[in-house]
Amino acid sequence: MHADSHVLTFQTEAGKEAWKAAARNPERAVIMLDGDGTMWDIVKYPTMPNVDRRYRPVLDDLIAQTGATGMLTGRSVGQVRDFGLLGEGLHVLGQFGCEWFHDGRLVLPVERPVTLSVVDEELPKVLAKAGLADATIEGVKSHFRAVHYDAGMDREKVAALVAALTDLAGATGLVCLPGHNVIELGPQVNKRDSLNRFVDALIALMWVPSVVLYAGDSEPDLAAFDVLDALRAMGIPTLKVGTSDNTAVKARSDLLVRGPLGTLSMLLRLRNITRR
């Protein structure tokens, strides 16, 4: 690891207390992680991300030592499996929470949009009109279609593409979600609702988390931070972890780490303090 990836920078006293709460009562601790930009570096589709092999064993240990350990990611459950991370007991809220996989059981809290077939027909036309006939269309996810474009593409061209895809999303009852060199069309889902649903399900099982940690790197993760703020207001310790230099994420984080290696370093320390 790089030297600075070991540094955990706490920005709030609430974050420090939440870290201590995880050590005191790990069997009711909840650890949820974003994927792209948090557990692995962002790559251009269809390149397979380089997922550090040390993640799987530390996740397996945390699954055994905590109340719930998992991922809330835009990637599908199938992709997480392909990355070698889908260990027994890991909770995966895939496609921003459209899927929930745990212990071999997959449920779909959000139905697959029937209008995706229309999107499949119209996307090539929209891209051709925008002069991007060679853009990559990703269709490996059940609930979303994604258009990947070059990182160096002109800003005005990107804005025009977003506008065109927003129109297509509106016409098909979907939403347009711009991301890192990608624009996705899919159901109206966000990490706030998905994480809320997950925590509510845990509480329904008659146990209240001793702490809830969420780590993310970009604007969609702020919705998950909203959930942690609400839980903190209810008296449940929470730890918002920022993993990038994104200004909005840094401003709202209790703890800052440096990228995927920083996330790994944090998890290794969590494994040590939650071990019994």
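Predicted model: local features only at pLDDT ≥ 70, side-chain atom pairs only at ≥ 80, totals over all residues.
Visitor: Which cysteine sulfur is nearest to that of Cys98, and how far away is it?

Guide: A disulfide is a covalent bond between the sulfur atoms of two cysteines, and here the cut-off for counting one is 2.5 Å between the sulfur atoms. The structure holds zero disulfides, and Cys98 is accordingly in none. The nearest cysteine sulfur belongs to Cys176, at a distance of 15 Å.

Visitor: What is the order of the strands in the open sheet of four strands?

Guide: Strand 7 (136-138) and strand 9 (175-178) each have a single partner strand, so they stand at the edges, and one side of each is left without a neighbour in the sheet. From one strand to the next the twist averages 20°. The pairing is antiparallel, and the strands follow the order 7-8-10-9.

Visitor: How many bridges join strand 8 to strand 10, and which residue stands opposite Arg145?

Guide: Strand 8 (residues 145-148) and strand 10 (residues 182-186) run antiparallel and are joined by four bridges. Within strand 10, the residue that stands opposite Arg145 is Leu185.

Visitor: Which helix packs on the sheet, and what angle does its direction make with that of strand 8?

Guide: The helix that packs on the sheet is helix 4 (residues 116-129), which touches strand 7, strand 8 and strand 10. Its direction and that of strand 8 make an angle of about 15°.

Visitor: What covers the buried residues of helix 7?

Guide: Helix 7 (residues 220-233) has several buried residues, among them Leu222, Phe225, Leu228 and Leu231. In an α-helix there are 3.6 residues a turn, so residues three or four places apart point the same way. The cover over the buried residues of helix 7 includes helix 6 (191-204), strand 11 (211-216), strand 12 (238-242) and helix 8 (247-252).

Visitor: How do the rings of Phe10 and Trp19 pair?

Guide: A pair of aromatic rings is described by the distance of the centres and the angle of the planes. For Phe10 and Trp19 the centres are 5.9 Å apart and the planes stand at 80°, and because planes over 60 degrees apart count as edge-to-face, this pair is edge-to-face.

Visitor: How many residues apart are Trp40 and Phe83, the pair that links distant parts of the chain?

Guide: The ring centres of Trp40 and Phe83 lie 5.0 Å apart with the planes at 75°, so this pair too is edge-to-face. Trp40 is buried at a relative accessible area of 0%, and Phe83 counts as buried at 12%. Trp40 is in the loop between strand 2 (29-33) and helix 2 (55-65), whereas Phe83 is in the loop between helix 3 (77-82) and strand 4 (91-94), which places them 43 residues apart.

How values were computed. Residues numbered from 1 in each chain as written. Heavy atoms only, no water. Pairing = 2+ DSSP bridges. Helix = DSSP H or I, 4+ residues; strand = E, 2+ residues; numbered from the N terminus. Axes fitted to C-alpha atoms, helices over the stretch in contact; angles between N-to-C directions. Contact = heavy atoms within 4.5 Å. Buried < 20%, exposed > 50% of the residue type's maximum accessible area, 1.4 Å probe, protein only. Phe/Tyr/Trp six-rings, centres within 6.5 Å; stacked < 30°, edge-to-face > 60°.
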